[in-house]
Amino acid sequence: MIRLEARDVTVRIGSRTLLDRAGLAVAAGEMVGLIGPNGAGKSTLLTVLAGLRSPAEGAVLLEDRPLSGLEARARARAIGYLEQGSMAHWPLSVRHTVALGRLPHRGPLAGEGADDRAAIQSAMRDCGVLQLAEQTVTTLSGGERTRAMLARVLAGQPRMILADEPVAGLDPAHQLQVMDLLKQRAAAGQGVIVVLHDMALALRYCHRLVCLAGGAVVADGAPLDLLERGTLADIYGVDLLTGRHEGQAYALPWRLNREVGHGG
Ligand code: ADP
Ligand code: MG
């Protein structure tokens, strides 16, 4: 079973502890939601899982082997990482930017093969950016850019997909499109970790939710269990409006819960 795991990971910067013995695992075929308040350490944990930051303590394991033992190209083929608010740094066309996602599969000097072209095309189609193929990425709207950068990650056909707030700033239709897409990737056997704040989407789409607060994992379980136990409300310090539709539970943040100590 293909599995990516952060085990008891601690990250410190100066005197601050960003992650405190945090643990999280995702298996092939699974879609895990990583949730928690701003500043909880979600992005930090994702960069550690992507092998982009070394923890002071603990380890990241891919199929039970330390990720740090993998050379960079092999790691990039295995793990696709979508940075939060991912910016396009060069004024390349969308097509060219998405094609960069294939670099771990071929040398920088080798031309695009049929496999590369097929992967680029299907990633652009899945992310709804085909009609933007010739547009310069730096001129895209925020939501369009996010979908283009996600297409770049998907073009690499990684076994594990780590997406940091991929639906933040997307319109409702594109939020559902991106969540559907990630869920399809999980169904097709890839492992997915998605950072998100939308509880309705978290409940509907994720097999499991991991809750971070203050750099520590405070809950890890089935979305519905966490909702029913009040964990989702507690970690954000809000009262939730909950209900059911088409047999599925939903939850919306309704008001600050002052008992939890947020607000004033
Ligand atoms: P999240 O993604 O959950 O919102 P982050 O992982 O981005 O949180 O950040 C966790 C905490 O670490 C935040 O309080 C942030 O201010 C802090 N932090 C992140 N990077 C640095 C840094 N380079 N120096 C100091 N503090 C940092
Ligand atoms: Mg973040």
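Biologist: Leaving out residues up to four places away in sequence, what does Thr 146 touch?
Modeller: Thr 146 touches Pro 166 and Leu 170, where contact means heavy atoms within 4.5 Å. Before we go on, this is a predicted model: local features need pLDDT of at least 70, side-chain atom pairs count only at pLDDT 80 or more, and totals for chains, interfaces and linings use all residues. Residues are numbered from 1 along each chain as its sequence is written, chains are lettered from A and ligands numbered from 1 in the order in which they are written, and side-chain values use heavy atoms, with hydrogens and water left out.

Biologist: Where is Thr 146 found, and is Thr 146 buried or exposed?
Modeller: Thr 146 is in helix α5, residues 142-155. Helices (H or I, at least four residues) and strands (E, at least two) are DSSP runs, numbered from the N terminus. With a relative accessible area of 13%, Thr 146 is buried. Buried means under 20% relative accessible area, exposed over 50%, and partly exposed in between, using a 1.4 Å probe and protein chains only.

Biologist: And where is Pro 166?
Modeller: Pro 166 is in the loop between β7 (160-164) and α6 (172-187). Pro 166 is buried too, because its relative accessible area is 1%.

Biologist: Which residues does Pro 166 touch?
Modeller: Not counting residues up to four places away in sequence, Pro 166 touches Leu 82, Thr 146, Val 178, Leu 182, Val 194 and Val 195.

Biologist: New topic: which residues are around ligand 1?
Modeller: Ile 13, Arg 16, Leu 18, Pro 37, Asn 38, Gly 39, Ala 40, Gly 41, Lys 42, Ser 43 and Thr 44. To be near, a residue needs a heavy atom within 4 Å of the molecule or strand.

Biologist: Which element gives the largest share of that shell?
Modeller: That's α1, with three residues. Both β2 (16-27) and α1 (42-49) supply at least two residues each.

Biologist: What about polar contacts there?
Modeller: A polar contact is a pair of N or O atoms within 3.5 Å; within protein, one must be able to donate a hydrogen and the other to accept it, and residues adjacent in sequence count only if both atoms are side-chain atoms. A polar side-chain atom of Thr 44 is 2.6 Å from an oxygen atom of ligand 1. For Gly 41, a backbone N or O atom lies 2.9 Å from an oxygen atom of the ligand. The side chain of Arg 16 has an N or O atom 2.9 Å from an oxygen atom of ligand 1.

Biologist: How many residues of α1 are buried?
Modeller: Seven of its eight residues. Among them are Lys 42, Thr 44 and Leu 45.

Biologist: Which residues hold the magnesium ion's protein donors?
Modeller: Ser 43 (OG) and Gln 84 (OE1), lying 2.1 to 2.2 Å from ligand 2, the magnesium ion. Ser 43 lies in helix α1 and Gln 84 in the loop between β6 (79-82) and α3 (94-99), so the pair ties together parts 41 residues apart in sequence. Donors are N, O and S atoms within 2.8 Å of the metal (3.2 Å for Na, K and Ca); water is not among the atoms, so sites may look incomplete.

Biologist: How exposed are those two?
Modeller: Ser 43 is partly exposed at 24% relative accessibility. Gln 84 is partly exposed as well, with a relative accessible area of 38%.
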